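Please walk through this structure with a pocket, a helix and a group of aromatic rings in view.

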Amino acid sequence: MSGKIAIKKLNPHPKNTHYFTDVDGEKYEEMKRSIETHGIRDALKVTTAYTVVSGHQRLRIAKEIGLEAIPVEILDVDEWEAEYLLIAENVERRGQAETDSMKKSRIAKFLQEYWGVQHGGERASGQNGHLKTTADIAESIGESEKSTRRILKLNDLIPEIQTLVSDKKIGTTAAEQLAYLTQDEQRALLDAKGDISGTSVQDAKGYRSQAKEAEESGEDFAEKIRELEQKITDAEKRADKAETERDEIAQKEPEVQVERVEVMPKKKAEELQSIQQERDELEASLSRTYSRLQDLEKAKRSQSQVDQSPLFDILRTTSVLNGYLKSIAENPRYADDLAGYANDETLSKSIAELSNLESLARQTSSLLKREETVILEN
């Protein structure tokens, strides 16, 4: 049955905002201009109790522009069927179920129940003459089957967290992880933290892990979260304090210049002195090698020159250096001692020299290989 009915007799469906977000912005203004110019051309669909199942945005506009009566089509359906039509009609008219992940999750949940689709994706019973699966739900909400199963999980969130998802204060993936917590654990989490806006996927997985540990150990989950939060807060305070102290020191002009004196055990001092002496000898040997390389560059190659090649000096030098580096590399504690007794400047220069040595060694090795190839071709 169809005809016109007074607007004051019509009632929005109580689940409309539960499943759908009102149209706004330019799209709403476009609909409004069309109705102002041409009137409502598509009748609203309502139940025999005058509950709107399709046409909530048209009803909003009609009230806003002052219409007193609008065309309707009256459907003789029960509440269950009316709720299904509310979803089906809106999805068809809008071209998609909903952009709000939480509302999309509720739509998927209703369709799952209405079509009798079991959690495994099969169907327990059929509606409207044919059986449905998770693939049909996915098609209705515009998602893949895998994504639909994840979205359905959001229905296990408590209302407070569902609101955060709708307000985009928690992402869908992080919210799905939180949904694996029991409702008591979710409430305990809110009680412990107060606000979980901005929870990352990593955070949510961490809460799941904490909940599992609490369950296995018999600890209170909320208390465990509070302890974790306190540790984080304390660490942040210590970091802030250290940062503040560093800034204060940097701003002060030193009144007295104090020369830093390094103190170390006698044995370590002797070892370092020995290493420094060897380093000086290596530097002298490398200097001689470099000088001989320059001389050889100006002379023709001969067998005698090959026999006296500076490579022998390089070989000796690198062998000694490799021995020291190997002893340090194989004994991390010795390396820690060396670093611990050196000032920042010495440590920084040592690391830089080793890095430079590695680069030069690679370049020299590459050059030697190329020269060897030329000799073989001759």
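**A pocket, a helix and its rings**

The second largest pocket holds about 390 Å³ of space. The model is predicted, so local features need pLDDT of at least 70 and side-chain atom pairs count only at pLDDT 80 or more, while totals for chains, interfaces and linings use all residues. Residues are numbered from 1 along each chain as its sequence is written, and side-chain values use heavy atoms, with hydrogens and water left out.

Rolling a probe the size of a water molecule over the atoms shows where empty space is left. Here a pocket is an open set of points on a 1 Å grid over the protein atoms alone, where a 1.4 Å probe fits, with protein on both sides within 12 Å along at least five of seven lines. Its volume is the space filled by probe spheres set on the points, which are joined across faces, edges and corners. Lining residues have an atom within 4 Å of a point.

Which residues lie nearest the centre of the second largest pocket? They are Met-31, Asp-42, Gln-57, Arg-58 and Arg-93, out of 16 lining residues. By class, the lining has 4 nonpolar, 6 polar and 6 charged residues. Ala, Val, Leu, Ile, Met, Phe, Trp, Tyr, Cys and Pro count as nonpolar, Asp, Glu, Lys and Arg as charged, and the others, Gly among them, as polar. Helices α2 (25–38), α3 (56–65) and α4 (79–94) each supply at least two lining residues. The largest share, 4 residues, comes from α2. Helices (H or I, at least four residues) and strands (E, at least two) are DSSP runs, numbered from the N terminus.

Now follow α4. This helix has 16 residues and reaches 22 Å from its first C-alpha to its last, close to the 22 Å expected at 1.5 Å a residue. The expected span is 1.5 Å times one less than the number of residues. At the N-terminal end, Asp-78 caps α4: a side-chain oxygen lies 3.3 Å from the backbone nitrogen of Trp-80. The buried residues of α4 include Tyr-84, Leu-85, Leu-86 and Ile-87. Buried means under 20% relative accessible area, exposed over 50%, and partly exposed in between (1.4 Å probe, protein chains only).

Trp-80 leads on to the aromatic rings. The whole structure has 6 aromatic pairs. In one of them, Trp-80 and Tyr-114 are tilted, 5.6 Å centre to centre with 45 degrees between the planes. This pair links distant parts of the chain, with Trp-80 in α4 and Tyr-114 in helix α5 (residues 101–114), 34 residues apart. Trp-80 is partly exposed at 38% relative accessible area; Tyr-114 is buried at 2%. Phe-110 and Tyr-114 have ring centres 5.7 Å apart and planes at 20 degrees, so the pair is stacked. Rings of Phe, Tyr and Trp (its six-membered ring) pair if their centres lie within 6.5 Å; planes under 30 degrees apart count as stacked, over 60 as edge-to-face and the rest as tilted. Both Phe-110 and Tyr-114 lie in α5, 4 residues apart, about one turn of the helix. One aromatic cluster is formed by Tyr-19, Trp-80, Tyr-84, Phe-110, Tyr-114 and Trp-115.

Finally, look at the backbone. Most residues other than glycine have a negative phi. Tyr-50 has a positive phi of about 65 degrees although it is not a glycine. Tyr-50 sits in the loop between β2 (44–47) and β3 (52–54).

Note on methods:
A polar contact is a pair of N or O atoms within 3.5 Å; within protein, one must be able to donate a hydrogen and the other to accept it, and residues adjacent in sequence count only if both atoms are side-chain atoms.
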